[in-house]
Amino acid sequence: MDTFLQIVANGLMLGGLFAIVAVGLTLIFGIVKVINFAHGEFLMVGMYLSFLLSTGLDVHPYLTAAAVAPALFVLGALTQRLLIQPLMSARDEHVQIFATVGLSTALMNLALLIFGADIANTPAHGVRSQVMLGEVRILTGQLWVLAAAVALVIGLQLFMKKTRTGRAIRATAQNRAAARLMGINDKFIYILTFGIGAACVGLGSSLIAPLYPTSPTIGTYFVLIAFVCVVLGGLGSIPGAFFGALVIGLVDALSGFYIGSDLREAVVFTIFLLILILKPSGLFGTRMNLSHVSP
Amino acid sequence: MKLKSLLTATAAAALLAGAAHADVKFGALYPFSGGLALLGEESFRGVEIAVDEINAAGGIKGEQIELVRGDAVDNNQAIGEARRLISREGVKAILGTYSSSRSIAASQVAELSGIPYFELGAVADEVTGRDLQYLFRTNPTAETMGIMTIDMIVDEIAPGLGVAPEDLVIGVIHEDSAYGTSVAGHQERYGAEKGLNIATVQGYPTSTVDMSSLVLDLKDRGVNIVLQTSYQNDSVLFLNQSAEAGFEPDAIIGGGGGYSLTATAEAVGDKMDGVLDVDFTQYAVNTEFTPGLEDFLAAYQAKYGEDPRSGHSLNNYVGAMAVLEGIGAGEGFEPDQIVAAAKAIDIPSGATAAGYGVHFGEHNQNDRAMMMGMQWQDGKLVTVYPRDAAVAEFQIGD
């Protein structure tokens, strides 16, 4: 029983980790309708920034979020303005997907060039210490990640529902043409949203950096699973991505123990395929309005 | 028209004349850019030092050796560069390659062109498992690694713990690409031959971000010896998550890759203390068993102004020295003369800077190639096995 509880706890903590990466991804997809394949590399860039700042200034890696999240906001906004926006008028929207794939490869190789293939270790500053909940061991750092993911989801929901800007973002997502007629600057909304999505992963990267050694390919480790979480929760749904991530974390941990570590990915992706077949809109998703795609 | 053909003829003649006076060319095919560039470059440095040493001593058969670099950034380019080296540069043989998959791809091209290919660093079984006529390998393989790990358990770890080898509960875990899978396969097979109790063999994807379930599984099975064949990221993950789950096996034996690198040790801190590792010969080794190692280190520092970043340069140096000197002792530079010269190489164990001898046996694999057993002691990776090469005692048990 103890082992079972430990596995469930591990699964939830892993879910929190996936969630904090997936939230930004689903936001960008839901609003801008671009699948950002460079999301994992945004995470990687954030982790390197966190590493550099926390070792350079000798501060707690969590404090670096104050600089990393804004930096990632700028990176995201620039990506939308300089890469995606010029392609939005392209006849085939798949071009945008290829552009983000290209950005992903470019960022990864840039990191290889600058930092080399070796791993970089962000000092843990105590977040690798454990707390015991009964017989269950949990890392404090993982608890913080989960807490931050919950706070991020609630914060984003409030922002989207209660603020004027949030309403403008949702309006643009629902119907770009109508939003424009209401005087909303849709290009600005897209840049803003892409920036916020990237800032979310920036926050995540400061929390993840002390838990995982940073390397140029670290983003690819997280992003594939993050895509699964996003699809599971319903493309574009922020709470959906969060609960999707928890489900995937649990499935991953349980199947890793009871079925075997070689088959855990097979289990996760089988579930992914079943969801796609049986409930294509995801567990929490609604039908998406793609009005801007077909003119 | 006449003038043009005259010019062409003159140019061709000049080229031919140039060729007659040129040095003898050998190709050096390594990943010099991309993800494997660091250790590709490190491997190449070993070859470069060997060539410098031979050239300074008068070259081979009176000719200076010229190395022509080829960048095997991926499998396709490895093939393209091998073609270029052979047809455009006219190299007499190719040395390489560090990466197994690129070696397998590029050696195919050399085989078809009838140009000898000397593999000095790639470990996959398939490299020499294909019975190519012109391919030779000097370095130890995945099988060597698997056998060495099991021997170390039987010879040193079980006695050190004061138990019979068959009473140990062994867990084999590995990253699930060709590298990890083949080493783990050899460990399982050879371990069974030695009567060891291998409780579980489990693969995991290299890109995993969580090994907590795997750790709990090993703990649940009462595993006390863990063998992990891994890269850097998963080594760190396993060591950290083991400690966090309170899983303390009596011995952890890593297989190459991540376990030999200082950055890994820094990432996990004192959890690395006492961890064992089987890999290519490294530098903290008994130099009586590795004559020439100190000269190699001095040459390396003089040329590059730093210490070697890993044992790759050393092993490529030893392979290149053996092969090039062997060719020098042969009849000439025609492919069949080089093959005959390679087959005549006979260097005993304990006579090279890496400790192992060179002699091409079945499938043109060096049947004297071996790895070393090492242990992290006080933040340093020191050789502990075999005893002849050891610089420190095994620290095992209490």
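Q: Ok, how many residues does helix H8 of chain A have, and how far does H8(A) reach?
A: Helix H8 (residues 186-208) of chain A has 23 residues and reaches 33 Å from its first C-alpha to its last, close to the 33 Å expected at 1.5 Å a residue. The expected span is 1.5 Å times one less than the number of residues. Before we go on, this is a predicted model: local features need pLDDT of at least 70, side-chain atom pairs count only at pLDDT 80 or more, and totals for chains, interfaces and linings use all residues. Residues are numbered from 1 along each chain as its sequence is written, while chains are lettered from A and ligands numbered from 1 in the order in which they are written.

Q: What counts as a helix or a strand here?
A: They're DSSP runs numbered from the N terminus: helices are H or I with at least four residues, strands are E with at least two.

Q: Is H8(A) mostly covered or mostly open?
A: Mostly covered, with 20 of its 23 residues buried. Buried takes 20 or more other C-beta atoms within 10 Å of a residue's own, exposed is 12 or fewer, and partly exposed is in between, with C-beta atoms placed from the backbone.

Q: Now chain B. At what angle do H2 and H11 cross?
A: Helix H2 (residues 37-56) and helix H11 (residues 293-304) of chain B cross at roughly 100°, and their axes come within 10 Å. Axes are lines fitted to C-alpha atoms, for helices over the stretch in contact, and angles run from 0 to 180 degrees between N-to-C directions. That makes H2(B) roughly perpendicular to H11(B), a label for 65 to 115 degrees.

Q: Which residues meet there?
A: From H2(B), B:Arg45, B:Ile49 and B:Glu53 meet B:Phe296, B:Ala299, B:Tyr300, B:Lys303 and B:Tyr304 in H11(B). By class, this contact has five nonpolar, no polar and three charged residues.

Q: What's the strand order in the five-stranded sheet?
A: In chain B the order is E2-E1-E3-E4-E5, an open sheet with parallel pairing. Strands pair if DSSP finds at least two bridges between them. Strand E2 (65-71) and E5 stand at the edges, each with a single partner strand, so one side of each has no neighbour in the sheet.

Q: And what lies across E1, E2 and E3 of chain B?
A: H3(B) does, running at about 150° to E2(B). B:Arg88 is found in that helix, residues 75-88, and it's exposed, with 9 other C-beta atoms within 10 Å.

Q: Where's B:Arg130, then?
A: B:Arg130 is in the loop between helix H5 (126-129) and strand E5 (135-137) of chain B. B:Arg130 has 13 C-beta neighbours inside 10 Å, so it counts as partly exposed.

Q: Last one: how many bridges join E11 and E12 of chain B?
A: Five, with strand E11 (residues 372-377) and strand E12 (residues 380-385) running antiparallel. In the hairpin they form, two residues sit between the strands, and B:Asp378 takes a positive phi near 50°.

Definitions and conventions. Parallel < 35°, antiparallel > 145°, perpendicular 65-115°, else oblique. Contact = placed C-beta atoms within 7 Å. Nonpolar A, V, L, I, M, F, W, Y, C, P; charged D, E, K, R; others polar.
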